[in-house]
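Me: I am new to this structure. Could you show me how to read its features, step by step?

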Amino acid sequence: MTALEAVIHVQGPNGERDVPIDQFYLLPGTTPHLENVLAPGELITYVTLPPLAPGTRSYYLKLRDRASYEFALASAAVVVEANGGRVRRARLALGGVGTRPWRSREAERVLEGHPVDEHIFKQAAEAALHGAKPLHDNAFKVQLSKLCIARALHNVTTSA
C-alpha cells in the first residue's frame, strides 16, 4: 500500500479525514505505544489507491525464515512504469526492516530515467539501504533487503 501511495479514509467523533499512508504509521520515538495516527474513536472506513498509468506493474516479494512464519525478515514492494526499456516512474517500499513500511525515495530516484537492467537494480538497492543502522542481531537484514529489492525489481520488469 505504501508503494501504491494509498490514502486511508478515517471516520471519527470529529468527522472524516484522509491520511496519506506515508503519514499514517508512527515511529516509536517518545510514544512507542502508538503505532499510527488514529485517535480514540476513529475507524478506517476505506482505502483508496490512485490509478496506475498504463504499462505500470507491481510486485511484492516477502522473504522469511520458514513458510509457516508470516512475519517478513525482509520484503520489497515495487511499482514500476517502464517504457522503451527505461524506468519512467518507480515506487519502492520495504517491510520487515523497521517499525513501519519504509518508502525509499532514494532508490526511486536511482531508478527513474535509467534503463531496466540488473546493474541499476543493484544501485537502487544500495541507495535504499544507504545509512541503515541495524542492531547487532539484525545486521543480516541489510544485505537480505538489498537482495530482496533487486529480485523484486527483476521480477516486476521481466515477468509477464
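Me: Where does Glu 5 lie?

Reply: Glu 5 lies in the segment before strand S1. Keep in mind that this is a predicted model.

Me: What should I look for in its backbone?

Reply: Start with the general idea. Most residues other than glycine have a negative phi. Now the case here. Phi of Glu 5 is near 60°, a positive value in a residue that is not glycine.

Me: Is Glu 5 buried, partly exposed or exposed?

Reply: The limits are 20% and 50% relative accessible area. Glu 5 has 24%, so it is partly exposed.

Me: How do S1 and S2 run relative to each other, parallel or antiparallel?

Reply: They run antiparallel. S1 covers residues 7–12 and S2 covers residues 15–20, with six bridges joining them.

Me: What about side chains along a strand?

Reply: In a regular strand the side chains alternate between the two faces of the sheet.

Me: Which strand holds Ile 44, and what does this residue touch?

Reply: Ile 44 is in strand S3, residues 43–48. Set aside its neighbours within four places in sequence. Ile 44 then contacts Ile 8, His 9, Val 10, Phe 24 and Leu 38. Its relative accessibility is 36%, so Ile 44 counts as partly exposed. Look also at Val 19, which is 25 residues from Ile 44 along the chain. Their C-alpha atoms are separated by 10.0 Å.

Me: How many strands form the open sheet, and in what order?

Reply: Four strands form it, in the order S4-S5-S6-S7, with antiparallel pairing. S4 (56–63) and S7 (102–103) each have a single partner strand, so one side of each is left without a neighbour in the sheet. Those two strands stand at the edges. S5 and S6 pair over nine bridges. In one of them, Ala 76 has Leu 94 in S6 as its partner.

Me: Which strands does helix H4 touch?

Reply: H4 packs on the sheet and touches S4, S5 and S6. The direction of H4 makes about 35° with that of S5.

Me: How many residues make up the largest nonpolar core, and which touch the most other members?

Reply: The core has 25 residues. Leu 92, Leu 94, Leu 111, Ile 149 and Leu 153 touch the most other members. A second, separate core has six residues, including Val 10, Val 19, Ile 21 and Phe 24.

Me: What does Leu 153 contact, leaving aside its neighbours within four places in sequence?

Reply: Leu 153 contacts Val 78, Val 80, Leu 92, Leu 111, Phe 121 and Ala 124.

Me: How many aromatic pairs does a search of the whole structure find?

Reply: It finds one. The ring centres of Phe 24 and Tyr 25 are 5.1 Å apart, and their planes are at 85°, so the pair is edge-to-face. Phe 24 counts as buried, at 5% relative accessibility. Tyr 25 is partly exposed, at 30%.

Me: Where does the charged end of Arg 100 sit?

Reply: It sits over the ring of Trp 102, 5.2 Å from the ring centre.

Definitions and conventions:
Residues numbered from 1 in each chain as written. Predicted model: local features only at pLDDT ≥ 70, side-chain atom pairs only at ≥ 80, totals over all residues. Heavy atoms only, no water. Pairing = 2+ DSSP bridges. Core = buried A, V, L, I, M, F, W, Y, C linked by side-chain atoms within 4.5 Å. Buried < 20%, exposed > 50% of the residue type's maximum accessible area, 1.4 Å probe, protein only. Contact = heavy atoms within 4.5 Å. Phe/Tyr/Trp six-rings, centres within 6.5 Å; stacked < 30°, edge-to-face > 60°. Lys NZ or Arg CZ within 6 Å of the ring centre and 35° of its normal. Axes fitted to C-alpha atoms, helices over the stretch in contact; angles between N-to-C directions.
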